[in-house]
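Here are a few friendly notes to read alongside the model. Please keep the viewer open and find each element as we come to it.

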Amino acid sequence: MISMKATAVNHHLLGTMLSLAIACATPARAGDVDFARDIQPILNAKCVKCHGGVKAAGGVSFVYEDRVVNFAADSGELVVSPRNLDSSEMFRRITSDDEGEMMPPPEAHPALTESQLSLIRRWIEQGAIWSGHWAFTPPTKPVVPTSQHDHLAVNEIDRFLFHRLAAEGLNPSGVEEPGRLLRRLSLGLTGLPPALNEVDSFEAAYAINANSAVEVAVDDLLSRPAFGERWATMWLDLVRYADSGGLGIDQRRTIWAYRDWVIQAFNDDLPFDDFTISQLAGDLLPKPTTQDLIATACNRNTQTNNEGGTDDEEFRMEAIVDRVNTTWQTWGGVTFGCVQCHDHPYDPFRHAEYYKFMAFMNNTADSDLNDDAPRLKVPNDLAKFAEVAALRESTLRLKTQIWTTGMELRDKTLWTAATSLTAGAQNGTKYAVEQHDGHAEFFATGTVSTKTETEIQMPAENFSDQPVTAVRLTVLPLNPATAEQNSEWGFVVTDLKAWIVAADGQKTAVDFRWSVPDVPWLPTDPWRQIEANGEHWAANSRIHYARQIVLVPSAPLNIGDQQQLEIHVQCNNVSGGSHPLVIKRGHVASTSDPRWATFADQDSDVHKWNAQLFEEAKRLNDVPGTSIPIMQQRADMIARPTHVFVRGNFMSKGDRVESGLPASLLKVAPASSDSATRLDMAQWWVSEQNPLTARVFVNRVWEQMFGIGIVPTLEDFGSSGDKPTHPELLDHLAIRFQRDHRWSVKQIVREIALSYAYRQSAKATPELTSRDPDNRLIARGPRLRLTAEFVRDQSLAVSGLLTTKIGGPPVFPPLPGGVWQPFDGGDKWKTAEPDDPDRYRRSIYTYMKRSIPFPTFATFDAPSREFCTPRRLTSNTPLQALVMLNDTAFVECAEALAKRMQHEFEGSVRDRLAAAYRAVTARQADANRLDQLLQLHTSLADSAQTNPWIVVAQVLLNLDEVLTY
Amino acid sequence: MLTSTILNEVQRLRLARDTRRQFLTQCGTGLGSIYLAGQAAASGAADHFPQHDSSNPLSATAPHFPGKVKRVIFLHMIGAPSQLELFDYKPELQKLDGKPCPQEFLEGKTFAFIQGTPDMLGPQYPFKQHGDSGAWISDRLPHLAQHADKLCFIKTMQTDQFNHGPAQLMVHTGNARLGYPSIGSWVTWGLGSENADLPGYVVLLSGGRQPRVGKALWSSGFHPSVYQGVQCRSQGDPVLNVSNPVGISRDTRRTALDTLSVLNQQTHQDFGDPETLTRIAQYEMAFRMQMAVPEAMDIKGEEKHVHEAYGAKPGKESFANNCLLARRLVERGVRYVQLFDWGWDSHGAGKAEALNGGFKDKCQQVDRPIAALLADLQQRGLLQDTLVVWSGEFGRTPMRENRGGRKMTLIGRDHNPGAFTSWMAGAGVKPGMTYGETDDVGYSAAVNPVHLRDFHATLLHMLGFDHQRFSYPFQGLNQRLTGVKEAHVIEDILS
């Protein structure tokens, strides 16, 4: 017999049932029909399947006001005419007896009930006001209500809750036992239980002044580093943090500096607006700090696919789609993913708006490359962060200067196109040449082979009489007309050589001194653009547009009458083990402009900048640290266009779109210009006008503290999600968070922790359990199950094994045999031995591999972080019992606790058992419990094989009281 | 005695809850019912939602309509075995052997490894017709060939993916990305299990390596985690942590659990939380599982002729052992048994996988065990309501692989998502039949293509589910195994 919380298994059905029980208790005010509360649920249930976002039969969609109110359907009839029932086709149809006309049609019955008809009639009569969904309307500061329980209230949270309890005829519960209260606060705020001496001193302080004892304890807990570890665990589920790449070979990914940044951000109480902006667009801030750049790794936690033969563009698009969906889930609590394929079925988001939003995300430089580029060097030493940020900025500035100078000259130069050339290769790749707009263009015919060295020969007739000072190579997609929409495999230049070839075939090598590629910071070393050992000029791995590079010879080239210039461009790279990244089309031009003859020579600024750049880049490179993937914007000139994907398929592209926010939310947000950036988008989430962000976040905090959100569907604040049980309280908290506390997470957690509601006893009468099984009304204190990470952390803590070190590379605690069989054989699990403190680190630091989730965490319902997980479903299964009783890690905890009982605790066996019970529950054991434990201990005392202390410790660590808090 | 009191209490609570649910769903008037209806439509409760006991999410439940299949054994040959060397006989391809591939086969196609113009490659092994049905089977599978008349071949399976990871996910979750529930998760969520002391969904691996996306292939995705596949092992603990630690005997554990139960019972009296009772029940089930799992997983007790028929050897990790275990598990009421056998990726890039190398060994390793499994299931009457499925994740090209544009020493074929062969046997399908035809060279589906979505729809149908109404709400969508694109039950193969 396996069981699970009702909310998990049948969470819809039972959730519905509970919502019903609670919704029933607040009758609609007579004569006052509210669209969102009374009408929209009927439309969602009965109408939108055919007249909704996906399908709009007859042109009618009950998702959009302008497709209903005063809207003429395809039939020509007005769907709803305010205050005019007779002219409202909708009302005629839902009340019709004619089988051909009635709505819903007979096959989709049941028909609307009398009371539903009555509501719709009254709504039309009262003016058919389309009030909009509550969550898309900004919160307003509610009046704090009063009730007969107010004498118990600690803060305003309680007054909102009490008001509802009074309306329901319920009373708040009494206060929790102090020891248990401290345990709840401690686990709730830091994910770790209180130490024995902390329980003692709290109880003593509580006896003198309860309020002040709680305040002191809460402030102390908020200031502990464990606070950040506990709340980061929640956040990492949302941003799908993992230490591996997912799909394909699921290779190790070094990105833990981001995990540490999140922990630090919670510990520093980084305001949530800054927290948001840094993660979504820290790289676009005017002067990004190293921390801002690390924060952008948030959206580099997407899966990549390194399997041989995969299409990088496909998986780049997968990652972008995931970033859009995750951003909307995490900050907006909206299921925006629906809109990828069609208009949202219930909420007012249009198909094209998905892609307008995607355009914000579509121009970062990452492209599913195996090395996770672009990456940032994160110094090991925090003291070096500022230096690294300064060096990074300075090197970027130098590169831009060098590059801009070259590009300006390139654009001012008069180029002479080569009009007669031949092109070929030695490896099976074949080129033909055709004339195009006054130049000769070579292009590949048939399939190209790997490691193509493209050989281009240009006779003297292509060049002017003057010596050639620069050569310009242009590389195009094979089909330039379609590549802009559906990009092709690109190219990576691994080496480039040139010769002047005499009539007798004798070759004189050309030395290039400089190059001007069309990308300012990819690659990073401008003086090594075309060296085989450096970073390469490339369209890696996809090409959309023409790309250009100017090559500057050390001395001007004299190409005599019978001579020719021969250039070899070597492209040895392969994507995903099989797709050759080679040149498929291109042309060449040259110039004799004397400015190139001196460009970047010894006396030039460019030369000096380059020397400085070289020196600074070396210093940056020498700083010890790790490199993590980050966000970096592509240069405007190589920006990718964004198109609507027809029915969500990336191979089937529709209209081109510019970046922008959904119109339905723009009603309340500042209009965005066509050129809105990712930074504008990030700022919009935390602007005063955004109706969602603050509500969604305080609701998450509430759920973490009470086990169920004010809006229970954390993942859906749209019209198909659950309604808030306490809408005014939600708005109150959102406004407190956003305005009064200026986005301070610690302050909002503090306010909830201090409330009377949180301090209540968790004892439930049968009547209360049956009335409100999930404790949505909070007439009692929360009683929650420890989640995966905290089950283990607590066992380590109470047994005295826990290592409290913060941050650093992932660790490898013991793993059951046979589990670690990674596809990538190089990815070793090096178990930390018992003498290694890393064996006992907090769970957040355990190496998180997507294809092999840590078994204990998976068994206790932790997600494997492929996608944003807004809410964990909890189950209660026998496999969990087996982990708790038999897994090496937990057996070690029992052994350690047994040692504490034998060596640290004092007195009789009974005294020691009492101390241990208190250590794991923060309560005094009563006589009966002690009798039971003592009896168990005694019954095993004579056993030769069994240490009775260990058996007792196992029982203690498995108590229901210990696994809940 | 204590335990039975607790179980009674769990039962009482369950009934109380069910009664309330009934009351609420029958309460058809007022704002409450409007809200209920609205929520139902929005959340997917309008679709089929299995009604498990609130205390047991694996309790057996009824599907949409009575299905012929009660249990499934799925044999997945990881790496994609060549249909052209096993079941899809192509004499025309033999004639083209060694000739350059016609350009029309290459235009607009993407390959994992083939470059330029490869040569065609004829079938590498002789084929013969078998049984009354006259099914073509190559000489690599002589034992299986004796059961030709039990098999229902689909020659025209198609997928969207041509890389292993995403393609394997397509087969088992209907989606190329990680994070979606596997078929076994859908089935145990929908039907529960017939044995409360064993996991309802068991996964067995052989071939020496895990599939590359690992647990994602038996994930519960967005379903509750209780529906994920439980990997059982031939070596070490058959289920992780099923053995007591050193120094804790079964008697000691029993004594400890008795104390734990008494203390937890007292906690229940203190706090009145029904979850506490559930927890007590879970610890009791874990205790029973510690007996039931090793018993089911121990093949030593099987008779000698059975071991011989399968080629099983106790204590080894082998496909043969896993086939025998699959029979033992379905016999005990396990709902879904998934076997993965690694090593079928015959590119010709290495001896261990080449068609003229390791492929022969792989065929030998699975031929006898599969034949024995089919015979054993039939002999025990289990084939009447158990379905056996055999498949890879895609097919292989009629062209010889030329990795890097060069002729390779060994013989192999590249990935081909356009056509592959699967077969089914047992409950629900017509025996001795072949559905669909590929073109003359076995490159693409010519007659009756069957996309994986159709395959999924058909499988669910045989289990009693209408795939369109079998959904779970996630990310605002009623998610289905068959996804949002059209999928059809292949009526012609249903028995």
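**Notes on chains A and B**

1. Chain A has 965 residues, and 55% of them count as buried (a residue is buried if 20 or more other C-beta atoms lie within 10 Å of its own, exposed if 12 or fewer, and partly exposed in between, with C-beta atoms placed from the backbone). Please remember that this is a predicted model: local features need pLDDT of at least 70, side-chain atom pairs count only at pLDDT 80 or more, and totals for chains, interfaces and linings use all residues. Residues are numbered from 1 along each chain as its sequence is written, while chains are lettered from A and ligands numbered from 1 in the order in which they are written.

2. Along its principal axes, the C-alpha atoms of chain A fill a box of roughly 110 × 85 × 45 Å. Chain A comes to 34 helices and 22 strands (DSSP runs numbered from the N terminus: helices are H or I with at least four residues, strands are E with at least two). Take the contacts in chain A between residues at least 6 apart in sequence: 71% of these join residues at least 24 apart (contact means C-beta atoms, placed from the backbone, within 7 Å).

3. Now look for an open sheet of five strands in chain A, with the order E4-E7-E15-E10-E11 and antiparallel pairing (two strands pair if DSSP finds at least two bridges between them). Strands E4 (422-424) and E11 (507-509) of chain A stand at the edges with a single partner strand each, so one side of each has no neighbour in the sheet.

4. How do the strands join up? Strand E7 (residues 452-459) of chain A pairs with E4(A) over three bridges, and Gly424(A) stands opposite Glu455(A) in E7(A). Eight antiparallel bridges link E7(A) to strand E15 (residues 564-571) of chain A; here Met458(A) has Leu565(A) as its bridge partner. Strand E10 (residues 495-501) of chain A is joined to E11(A) by three bridges, with Ile500(A) partnering Thr508(A).

5. Over in chain B, is helix H5 (residues 164-173) mostly covered or mostly open? Mostly covered: 10 of its 10 residues are buried, including His164(B), Pro166(B), Leu169(B) and Thr173(B). Among the elements covering the buried residues of H5(B) are strand E1 (71-78), helix H6 (183-191), strand E8 (386-391) and helix H12 (452-463) of chain B. After H5(B) comes Gly174(B), which has a positive phi, near 75 degrees.

Terms used
Contact = placed C-beta atoms within 7 Å.
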